[in-house]
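Here's a walk through one protein model, with the cut-offs spelled out as they come up. Have a look at the structure first, then read on.

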Amino acid sequence: MHSTTSDSQTSAPSASDAPLPDTAEQALKIAVVGGFGVGKTTLVRSVSEIRPLDTEETMTRAGAGVDDLEGVEDKRTTTVAFDFGRITLDATSVLYVFGAPGQERFWFLWDRLFSGSLGAVVLVDTRRLEDSWYAIDRLEAQGTPFVVAHNDFGETEHDLGEIRSALDLDPAVPLVRCDARDRGSAKGVLITLVEHVRTLLTGGPR
């Protein structure tokens, strides 16, 4: 399990430290999707160089019979629309990151988040791996490039080969391990996605 006090976290810029570069010419959009409680909001917060916009609300008893809490019983808040953050890739390109809500009742929002996206990150938790199938199916159906990231909660031990097999994942789809709380680790997932899309567009790595 990755440390939560790494240099990559402590060196993360604050909202006041990260104005949009004057040289920015290209804005790229990606979506972060996955099951309920998998860490999507945490990943957006980790990578964003601005104060992220989120729609986290306190969970109430009213949702107890609607949202499946198995494996995430300690969860106290949930996203009800989407999360939004920004990260500068280079002098001319910025990446806008949209985190989707994970509950099934909000899945109708996903297709809109996919629209116009460079690609997507499917965040998975091995305790609730079946929650990832819908996201993968929708992305494949729409032809949206994506990568899969196993958010390592330190609760279970599965190698990436086992996870790929369980998800019946195409060999061409990158599968990586990450700690969504760690800025460097989360940023690495986004870099993997950008490189994957570049490979698909150019036919090979640059």
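You'll find Ala180 in the loop between β8 and α6 (183–202). Helices here are DSSP runs of H or I with at least four residues, strands are runs of E with at least two, and both are numbered from the N terminus. Val44 sits 8.3 Å from Ala180, C-alpha to C-alpha, although the two are 136 residues apart in sequence.

This is a predicted model, so local features need pLDDT of at least 70 and side-chain atom pairs count only at pLDDT 80 or more, while totals for chains, interfaces and linings use all residues. Residues are numbered from 1 along each chain as its sequence is written, and side-chain values use heavy atoms, with hydrogens and water left out.

## The overall layout

The chain has six helices and eight strands. Reading from the N terminus, the order is α-β-α-β-β-β-β-α-β-α-β-α-β-α. Of the 206 residues in the chain, 44% are buried.

Why is strand β4 (residues 83–88) largely enclosed by the rest of the structure? Five of its six residues are buried, so there's your reason. β4 runs antiparallel to strand β5 (residues 93–99), and six bridges join them; two strands pair if DSSP finds at least two bridges between them.

## Salt bridges

How many salt bridges does a search of the whole structure find? It turns up four, where a salt bridge is a side-chain nitrogen of Lys or Arg within 4 Å of a carboxyl oxygen of Asp or Glu. As background, side chains of opposite charge can pair when their charged atoms come close.

One of them joins Arg86 and Glu49, with the closest N and O atoms 3.2 Å apart. That pair links distant parts of the chain, as Arg86 is in strand β4 and Glu49 lies 37 residues away, in the loop between α2 (40–47) and β2 (56–58). Both Arg86 and Glu49 are buried.

Asp125 and Arg127 also meet in a salt bridge, at 2.8 Å from N to O. Asp125 is buried at 4% relative accessibility, whereas Arg127 is partly exposed at 28%. Then there's Arg181 with Asp179, whose closest N and O atoms are 2.9 Å apart. Here Asp179 is buried at 1% relative accessibility, and Arg181 is partly exposed at 32%.

Asp168 is found in the loop between α5 (160–167) and β8 (175–178). With a relative accessible area of 67%, Asp168 is exposed. Its phi is near 50°, a positive value in a residue other than glycine. For context, most residues other than glycine have a negative phi.

Asp168 also belongs to a negative surface patch, together with Asp137, Glu140 and Asp170. Patch residues have over 30% relative accessible area and no salt bridge, and like charges are joined within 9 Å. Accessible areas come from the Shrake-Rupley method with a 1.4 Å probe. Asp and Glu count as negative, with the charge placed at CG of Asp or CD of Glu.

Technical notes: Buried means under 20% relative accessible area, exposed over 50%, partly exposed in between (1.4 Å probe, protein chains only). Patches are made of residues with over 30% relative accessible area and no salt bridge: like charges are joined within 9 Å, nonpolar side chains (Val, Leu, Ile, Met, Phe, Trp, Tyr) within 5 Å.
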